[in-house]
Amino acid sequence: MHLFDTTTLLAYLAAALVLVLLPGPGTAWILAQSFAGGTKRGIQAGLGLETATLLHALAAGLGLSALLATSAMAFEFVKYLGAAYLVWLGIKAWRSGDADTATTDADASKPRASGRSVYLRSVVTGVLNPKVALFFLAFLPQFVHPERGWVWLQFFVLGALLAVIGFCNDLFLSFAAGRFGRRLAGGAGRWTQRATGTLFIGLGLRLAMQQRG
């Protein structure tokens, strides 16, 4: 038995592509990591974000999305948790930008964040990304057909396709930002950090004020 018909699959791929290309917390996170640590760090962040996408898909398949859809308390908890995390990321980015004003040659010897640390923080960022959560909550179920069987597998396959598309976009952003990041050292780099921080704080406040549909 086929899980998806061609029309459904093509429609989903188009919707997934639009979701990936729309700027959001994930885009800001990849750019911030690539500017700060180069292409390699951006790719590590992308792997973490797309791992989170697979976790969203698994949760949806197990029925956790249904819980969020029917429980106002659960929805509010996830919403405010995600908003608080985004604001925290924004404040941290601002503080990093301020710290850059005192950067000296001696600071170059300081160890950078490990790949494991970047990956794990990116998984958390992706899990709390409201754009992805709402996609799995409100939109993806339209492409799942229980009569075809294996509902959890349908969710996971659709999530995996979204992760693949997302990682392709992550690679592009990582290479572009990683290449230009070196040219943004000094004052320009400081303002890039501050702009990223402002974006995260704005996204967090916007999420906190969002009403349940």
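The structure holds one aromatic pair (ring centres of Phe, Tyr or Trp, the last by its six-membered ring, within 6.5 Å; planes under 30 degrees apart are stacked, over 60 edge-to-face, the rest tilted). This is a predicted model, in which local features need pLDDT of at least 70 and side-chain atom pairs pLDDT 80 or more, while totals for chains, interfaces and linings use all residues. Residues are numbered from 1 along each chain as its sequence is written, and side-chain values use heavy atoms, without hydrogens and water. The protein chain has eight helices and zero strands (DSSP runs numbered from the N terminus: H or I of at least four residues for helices, E of at least two for strands).

**Aromatic pair**
- Tyrosine 12 and phenylalanine 143 pair edge-to-face, at 5.4 Å centre to centre and 70 degrees between the planes.
- Tyrosine 12 sits in helix α1 and phenylalanine 143 in the loop between α6 and α7, so the pair ties together parts 131 residues apart in sequence.
- Both tyrosine 12 and phenylalanine 143 are buried (under 20% relative accessible area; exposed is over 50%, partly exposed in between, with a 1.4 Å probe and protein chains only).

**Fold and burial**
- Along the sequence the pattern reads α-α-α-α-α-α-α-α.
- Of the 213 residues in the protein chain, 40% are buried.

**Helix α2**
- α2 has a kink of about 145 degrees, centred on glycine 37 (the bend is the angle between axes fitted to the seven residues ending at a residue and the seven starting there).
- The 37 residues of α2 put its end C-alpha atoms only 24 Å apart, short of the 54 Å that a straight helix would reach at 1.5 Å a residue (expected span: 1.5 Å times one less than the number of residues).
- Just after α2, glycine 63 takes a positive phi of about 100 degrees.

**Cavities**
- There are two cavities of 30 Å³ or more (on a 1 Å grid over the protein atoms alone, sets of points where a 1.4 Å probe fits but cannot get out; lining residues have an atom within 4 Å of a point).
- The largest cavity holds about 240 Å³ of space (the space filled by probe spheres set on the points, with grid points joined across faces, edges and corners).
- Its lining has 18 residues, and Val20, Glu50, Asn129, Lys131 and Val132 lie nearest the centre.
- Two or more lining residues come from each of α1 (6-21), α2 (25-61), α6 (130-139) and α7 (151-181).
- α2 gives the largest share of this lining, seven residues.
- By class, the lining of the largest cavity has seven nonpolar, eight polar and three charged residues (nonpolar: Ala, Val, Leu, Ile, Met, Phe, Trp, Tyr, Cys and Pro; charged: Asp, Glu, Lys and Arg; polar: the others, Gly among them).

**Residues by the cavity centre**
- Asparagine 129 lies in the loop between α5 (115-127) and α6.
- At 5% relative accessibility, asparagine 129 counts as buried.
- Asparagine 129 and proline 25 are 104 residues apart in sequence, yet 6.4 Å apart in space, C-alpha to C-alpha.
- Lysine 131 belongs to helix α6 and, at 22% relative accessibility, counts as partly exposed.
- Lysine 131 and valine 20 are 9.5 Å apart, C-alpha to C-alpha, across 111 residues of sequence.

**Isoleucine 91**
- Isoleucine 91 is placed in helix α4 (residues 72-99).
- With 43% relative accessibility, isoleucine 91 counts as partly exposed.
- Isoleucine 91 and isoleucine 201 are 110 residues apart in sequence and 7.3 Å apart in space, C-alpha to C-alpha.

Conventions: On a 1 Å grid over the protein atoms alone, a cavity is a set of points where a 1.4 Å probe fits but cannot get out, and a pocket is an open set with protein on both sides within 12 Å along at least five of seven lines; lining residues have an atom within 4 Å of a point.
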